[in-house]
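Let's take a look around inside a protein. Have the sequence and the 3D view open, and follow along from one part to the next.

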Amino acid sequence: MSPSRPPPLCSRACVAVVFVLATIYFLTALRGTRRERQNERARFALVHIPKTGGQAFRLLARHACDNAIAVEAKAHSTVESHVLARGQEPILILREPLERLASAFYFWKHGSELRSMRQLRGPQATVLMQDLQRTPMSFRDFLVGYVNSTSPWHGRVHAIINMPRHLSGWAWSAHFRSQMEWIDLESPRSSFVCYSDRHYSARLGCLMRELNLNCNLSSLRTVNRHLGGGASSHEKLQQLPHALQRAVLLKLHADYKLFQRYCGTCTPECTC
């Protein structure tokens, strides 16, 4: 009796699946390498400060600016001096500090509308979030805990603004850090844009003309504006108690000085 043949290690279907996966891996690596080469050739580079409209600018720079603006692969990992050391010119977007803090809070509370961002939150982070969100907290409650260490909200606020990325997924401590952490030189070679809900596209247009860049601003997307029902708008924030606004101004004093230097003459209505 002849010995039976051992079963094949992999059927034709298995081989096909392996081939498809290998092809996807190869094309992804090739696309990443191509993007790296494009970034190296770019004259300008975005320094992505969290919660300043940077996600929309990243999408614009990648797909509608003729590869003239380099975009970091990992968000918020590049500071101004890194870009200058590579021989490129930094582009930085600044935002009014209280508005930026509100944007960070609502982003933490509601999450991202981008599917790629929503997938970053794992089971451990979800359980931790549920614990922190068990008692509803408004943005006003958050601010009270932010500026007052004796407030009953302080412990939860402290946990939120110090959340490591692996536990929070899409909204971690970087979103609550000072804008100064990304602007470490204030070089004359750096270009600054002042974020505005109403005039962001127009102000980017001013920058593109100034730098002689060809970007299709009609491709500029609005990302995550729905979060919080527009509660981070300038008008609604002005309705907060004046004493609380003053306390936040003192807490964010360095950021306000920075914002005033570059955006003080353009708040809130001018375009360029």
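## A helix under cover

Start with helix H2: its buried residues are covered by a set of elements that includes E1, strand E2 (69–70), E3 and helix H10 (200–211). Keep in mind as you look that this is a predicted model.

Which residues of helix H2 (residues 54–63) are buried? They are Gly54, Ala56, Phe57, Arg58, Leu60 and Ala61.

## Strands side by side

Next, find E3 and E4, which pair in the parallel sense over four bridges. To spot one place where they line up, look for Ile91, whose bridge partner in E4 is Ser191.

Strand E4 (residues 191–194) is covered on both faces. Ser191 and Val193 sit on one side, Phe192 and Cys194 on the other, and all of them are buried.

In soluble globular proteins, nonpolar side chains tend to be buried together. Here, the largest nonpolar core has 28 residues. Trp108, Phe139, Phe142 and Leu143 are the ones with the most contacts inside this core. At least two core residues come from each of H4, helix H7 (139–147), helix H8 (154–161) and helix H12 (242–251). Which helix gives the most? That's H4, with eight residues.

Zoom in on Leu143 for a moment. If you skip its neighbours within four places in sequence, Leu143 is in contact with Leu98, Leu101, Leu240, Leu244 and Val248. Apart from this core lies another one, of 23 residues, and among them are Phe44, Leu46, Val193 and Met208.

## Charged pairs

How many salt bridges does a search of the whole structure find? It finds five. One of them joins the side chains of Arg43 and Glu89, at 3.1 Å from N to O. This pair links distant parts of the chain: Arg43 is in the loop between helix H1 (12–41) and strand E1 (44–47), while Glu89 is in strand E3 (residues 89–94), 46 residues apart. Glu89 has 16% relative accessibility, so Glu89 counts as buried.

Another salt bridge brings together the side chains of Arg95 and Glu99, at 4.0 Å from N to O. Both Arg95 and Glu99 are buried. Then there's Asp255 with Arg100, whose side chains meet in a salt bridge at 3.9 Å, N to O. Asp255 lies in helix H13 (residues 253–263) and Arg100 in helix H4 (residues 97–110), so this pair ties together parts that are 155 residues apart in sequence. Asp255 and Arg100 are both buried too.

Definitions and conventions. Residues are numbered from 1 along each chain as its sequence is written. This is a predicted model: local features need pLDDT of at least 70, side-chain atom pairs count only at pLDDT 80 or more; totals for chains, interfaces and linings use all residues. Side-chain values use heavy atoms; hydrogens and water are left out. Buried means under 20% relative accessible area, exposed over 50%, partly exposed in between (1.4 Å probe, protein chains only). Two strands pair if DSSP finds at least two bridges between them. Contact means heavy atoms within 4.5 Å. A nonpolar core is a set of buried Ala, Val, Leu, Ile, Met, Phe, Trp, Tyr and Cys residues joined through side-chain atoms within 4.5 Å.
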